[in-house]
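Hi,

Have a look at it first, and then read on.

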Amino acid sequence: MNSSPRLAQSSAGTGSLMALAAMVCVQLGLAVSVGLIDTLGPAGVAWLRLCWAAVILVVVGRPWKVAYSRAALGTSALLGVATGGVTIFFMFAVERIPLGTASALEFLGPLSVAIVQGRGAARWWALVAGAGVLGLTEPWLGATDPVGICFALCAAACWAGYVLFTQKAGDAVSGISALAISMPVAGVVATLAVGPSVLGDLDWPILLWGFGLALLLPVIPFSLEMLALRKLTTAAFGTLMCLEPAIAVLIGLTILHQVPRPAAVIGIVLVIAAGIGATRTGQRRTTPDTSTVAATAGDVGEER
């Protein structure tokens, strides 16, 4: 009689650990990527990750065996453009501002979608998020790199687009099948942005390093999140993913030795609180088999 609640609790605990592990993988991948910026530049690092991820996901997803509609192909292609944009802009951002600050600013993208599509009290969380942005940027001091902030906000805009396109793509094809189209498009976007300039800096060690980075971000986190979503409600999953900026601060502190200012810590806490509040009070109204904004917002972690 009592076995079902215990099994459900155990399943939820396992799913939570998977979601947390996915977020740690994302932030570790970003932190390690920062170390390659001096060699390839931010756009070059983004290009290397996206191209390897495209190869891996095409092999796994085998898009030639999937019957895509014209609308599904178009949505998946737009999803790829958004993926390329968020990856490139974020790498430019972390070149100039701390990882935790960049992650919190970037999180404003899916948070904005959740607030706009939410109802009632969900929209009041925008004020909390706005206060968090003030703490993160400290405009009264002028100490934070404005270009880095701009890049992070551009990444946020692309992430918001990713959320919306993922919602549409998820209605037409499975996640892996959509990624098998979107990731090659993202690789093309990165190639057009970077051009042939990075090719001269490539060698076998860097190529192998890039393959490892692609596994760390996005391949492994995507797999973990897919498994987590089978064990958690989308609301619980979305709430957990709101903790990612805090994980970014810890990774930045331990690996990159980036010590956040007190105002930045307060700003990150406010952004996390706004994300949790918007997720819990303003979930998108959907049918039981359709993902919510919160889950979709969390899914982008694996592709930055």
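Setting aside neighbours within four places in sequence, serine 103 touches Gln27, Phe90, Pro245 and Ala248, where contact means heavy atoms within 4.5 Å. Serine 103 is part of helix H4 and is buried, at a relative accessible area of 2%. Buried here stands for under 20% relative accessible area, exposed for over 50%, and partly exposed for what lies in between, with a 1.4 Å probe and protein chains only.

Before you go further, please keep in mind that this is a predicted model: local features need pLDDT of at least 70, side-chain atom pairs count only at pLDDT 80 or more, and totals for chains, interfaces and linings use all residues. Residues are numbered from 1 along each chain as its sequence is written, and side-chain values use heavy atoms, leaving out hydrogens and water.

The overall picture

The protein chain has 13 helices and 0 strands. Both are DSSP runs numbered from the N terminus, helices being H or I with at least four residues and strands E with at least two. Of the 304 residues in the protein chain, 51% are buried. Among contacts in the chain with a separation of 6 or more, 89% are between residues 24 or more positions apart.

Apart from neighbours within four places in sequence, the contacts of leucine 111 are Ala129, Val271, Ala274, Gly275 and Ala278.

How do H4 and H6 pack? Helix H4 (residues 99–106) and helix H6 (residues 125–137) pack at an angle of about 155°, and their axes are 10 Å apart. The axes are lines fitted to C-alpha atoms, for helices over the stretch in contact, and the angles run from 0 to 180 degrees between N-to-C directions. H4 is therefore roughly antiparallel to H6; angles under 35 degrees count as roughly parallel, over 145 as roughly antiparallel, 65 to 115 as roughly perpendicular and the rest as oblique. Thr101, Ala104 and Leu105 of H4 meet Val133, Leu136 and Thr137 of H6. By class, that contact has 4 nonpolar, 2 polar and no charged residues. Nonpolar covers Ala, Val, Leu, Ile, Met, Phe, Trp, Tyr, Cys and Pro, charged covers Asp, Glu, Lys and Arg, and the others, Gly among them, are polar.

Helix H2 (residues 37–61) packs on helix H9 (residues 204–229) at about 70°, with the axes 8 Å apart, and the two are therefore roughly perpendicular. Residues in this contact include Trp52 and Ile56 of H2, and Phe211 and Pro218 of H9. The classes here are 14 nonpolar, 2 polar and 1 charged.

Aromatic pairs

The count comes to 4 aromatic pairs. Rings of Phe, Tyr and Trp (its six-membered ring) pair if their centres lie within 6.5 Å, and planes under 30 degrees apart count as stacked, over 60 as edge-to-face and the rest as tilted. Phenylalanine 92 and phenylalanine 151 are stacked, at 5.1 Å centre to centre and 25° between the planes. Phenylalanine 92 is in helix H3 (residues 70–94) and phenylalanine 151 in helix H7 (residues 146–172), 59 residues apart. Ring pairs link Phe89, Phe92 and Phe151 into a cluster.

Phenylalanine 107 and tryptophan 159 are edge-to-face, at 6.0 Å centre to centre and 70° between the planes. Phenylalanine 107 is buried, with a relative accessible area of 8%, and tryptophan 159 counts as buried at 3%.

Backbone points to check

Most residues other than glycine have a negative phi, and most peptide bonds are trans. The peptide bond from leucine 217 to proline 218 is cis, with omega near 25°, and proline 218 is found in helix H9. Arginine 62, not a glycine, has a positive phi of about 45°; it lies in the loop between H2 and H3 and is partly exposed at 40% relative accessibility. Histidine 257 also has a positive phi, about 55°, without being a glycine. Histidine 257 is placed in the loop between helix H11 (244–254) and helix H12 (262–281) and is exposed, with a relative accessible area of 63%.

Best wishes
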